[in-house]
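Trainee: Please show me how to read a few features of a model. I would like the general idea, then the case at hand.

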Amino acid sequence: MFTVTDLEKRYGDETAITDVSFSLEPGSLAVLVGRSGAGKTTLLRCLNDLEQSDGGSIRFDGEPLDATDVALVFQAGALLDGKSALENVLDGGLAREPLWRELVGWHAPAEKRAAIERLHAVDLDGYATRRVGDLSGGERQRVGVARALHQEPRVLLADEPVASLDPATARHVLDRLAAVVRREGVIGLVSLHQPRLADAVADRFLGLAEGRLTLDAPADDVDPDRIAEVYRD
Amino acid sequence: MTDSADERTDADRAESRGAATAANASEAKSRPGPRSKPTPDRGSDGDAAVGEEFDRVQAHLRRRLAIRIGAFAVALALVTGAARWIGLDVAYLYAHRENLRAVLLEEMLAPAELWAQLQADGPSLATATVETLAIATVGTAVGLPIAICLGILGASNVTPRLVHAPVRLLLGGVRAVPSMVYALLFVVLAGLGPVAGALAIAMGTVGDLGRLFADEMEEIDRAPVEAVASSGAGLLATTTAARLPQVTTAYVAWTLFYLEINARKSSVLGIVGAGGIGYPLFMSFNARNYTGVMAAVVAILVLVVSVELVANRLRDALDAERRADRG
């Protein structure tokens with residue numbers, strides 16, 4: 001069980017998030033909604049330790065998480081265009097490979113095979129040697145997902161991973177994300193501006209408004225009106 | 001990919017989520033300690049596909065590695081051959097290390113002698129140092145506007161090939177000539193002294209900064225340029241409004257860096273009569289007065305460090321102004 005308790009983050013005098021508490025189960029996908037500036041990105045960055053929180057705790061089965069336990073899929077992919085899809089995915093496993101392998105570009109066969117499996121898991125069969133800079137938006141996002149999965153995290157976060165994609169491509173990316181989350185038993189938390197895109201795949205909805213959690217419910221109990229309340233002034 | 005989610009009912013969604021959860025719950029990973037690799041749920045066809053792609057990847061990587069090893073071997077052979085041809089002999093250098101040690105420790109770095117030399121040569125060294133700084137500053141200032149113009153004209157995303165290719169060629173030609181040679185030429189034009197040095201520095205600035213400015217211009221984001229150009233603005237207006245703002249920070253950083261480089265370059269141009277601290281340094285060397293050489297080196301060190309400190313302050317001030325503008 002992934003448990004966040006009373007999480008708080010301030011920037012100077014401004015409170016970005018406060019009193020944020022929730023729990024998520026392995027093999028489930030939660031969707032985080034809220035207006036721009038509500039604190040979604042701040043929350044995800046605190047969970048991934050890219051930002052140091054100012055209060056509260058983050059635990060997995062009661063224990064603190066270490067650096068490799070949480071992976072983040074970035075909005076614009078944050079991939080290296082000049083590298084191949086395989087090389088970008090392999091970057092997700094840097095923490096467990098000796099440094100010299102990255103320096104000389106000579107990864108263990110088991111790592112390469114696992115990275116190719118990740119690409120296949122997101123429907124990128126045959127893309128291993130293709131340069132990321134030549135891929136479409138949806139393909140790049142799926143490479144980002146594969147990279148995050150290659151890190152073998154306990155928790156997979158995604159910060160508006162489909163913001164720049166058309167609805168059909170966005171649904172495909174989310175479907176793949178949900179499938180791998182459930183198959184690999186990780187905890188998925190995805191922030192989205194278009195909650196309807198996640199209707200088919202979300203197990204839970206979390207809603208942030210002005211830095212506070214105003215919605216935390218199973219997806220079956222959430223209707224469009226409840227989500228609209230999160231976005232209300 | 002299909003897009004049918006809009007038409008799914010609540011029941012469909014629940015069924016989809018439930019089925020997926022139930023089907024995969026048994027395959028959820030456990031974490032006993034060291035992480036285990038995931039068990040792919042792909043069946044034999046999926047495993048075969050992964051295997052095939054893995055073999056293709058390995059073949060691709062082997063080819064790439066062979067090319068890289070080959071290229072490295074060729075580079076190593078060329079460098080080794082060149083070193084032998086110029087007579088680089090590490091054993092000889094090691095055998096004569098005592099000569100260098102004696103000059104360094106007994107003459108150049110002997111504290112009492114160095115201090116006495118600095119006191120004796122102080123006034124003349126100070127004048128020569130200020131002259132060196134003036135050469136660097138004037139040379140950079142003269143070369144900079146020309147470098148900016150040629151940098152813009154030499155960018156392939158600004159001008160057509162008929163323009164940017166010859167400009168790049170010109171910049172390469174200007175860069176190919178060492179500053180010493182320009183200094184010798186300009187001594188013929190301007191006579192012995194710092195003017196020749198400043199003109200030599202200007203030429204070097206045009207060649208080096210012009211190339212860097214062109215490279216920076218080619219890396220800009222095309223979208224704002226297209227947005228401005230689509231309003232009907234001409235090349236000059238588009239460059240001013242959409243291209244230059246994207247490279248200003250980089251141009252300023254390069255210019256300040258080149259000011260430091262030019263201060264170093266200027267310090268040796270006096271060897272060919274182009275003014276600055278190079279002349280007293282050269283005269284000391286000719287007279288085998290290594291303490292005098294070291295005194296000149298100390299003056300150059302003070303000059304270069306001072307220029308770097310001023311450049312850093314300027315950069316910090318510009319950064320602070322930019323942050324203040326962002327509000």
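Predicted model: local features only at pLDDT ≥ 70, side-chain atom pairs only at ≥ 80, totals over all residues.

**Reading the model**

Mentor: Asp6(A) counts as exposed because it has 12 C-beta neighbours inside 10 Å. Residues are numbered from 1 along each chain as its sequence is written, while chains are lettered from A and ligands numbered from 1 in the order in which they are written.

Trainee: What is the phi of Asp6(A) near?

Mentor: Most residues other than glycine have a negative phi. Asp6(A) has a positive one, near 50°. Its place is in strand β1 (residues 2–11) of chain A. Strands (E, at least two residues) and helices (H or I, at least four) are DSSP runs, numbered from the N terminus. Asp49(A) also has a positive phi, near 65°. Asp49(A) lies in the loop between α1 (40–47) and β4 (55–60) of chain A. With 15 other C-beta atoms within 10 Å, Asp49(A) is partly exposed.

Trainee: Which residues have the most contacts inside the largest nonpolar core?

Mentor: A nonpolar core is a set of buried Ala, Val, Leu, Ile, Met, Phe, Trp, Tyr and Cys residues joined through C-beta atoms within 7 Å. The largest has 71 residues, and Leu119(A), Leu156(A) and Leu157(A) have the most contacts inside it. Helix α6 (residues 167–184) of chain A gives the largest share, 7 residues. Domain 1 (1–69 + 155–233) and domain 2 (81–152) of chain A both contribute, so this core lies between them. The domain bounds come from an automatic or database domain assignment.

Trainee: How do α8(B) and α10(B) pack?

Mentor: Two packed helices are described by the angle between their axes and the distance between the axes. Axes are lines fitted to C-alpha atoms, for helices over the stretch in contact; angles run from 0 to 180 degrees between N-to-C directions. Helix α8 (residues 194–218) and helix α10 (residues 235–269) of chain B pack at about 150°, with axes 9 Å apart. They are therefore roughly antiparallel. Angles over 145 degrees count as such, under 35 as roughly parallel, 65 to 115 as roughly perpendicular and the rest as oblique.

Methods
Buried ≥ 20, exposed ≤ 12 C-beta atoms within 10 Å, placed from the backbone.
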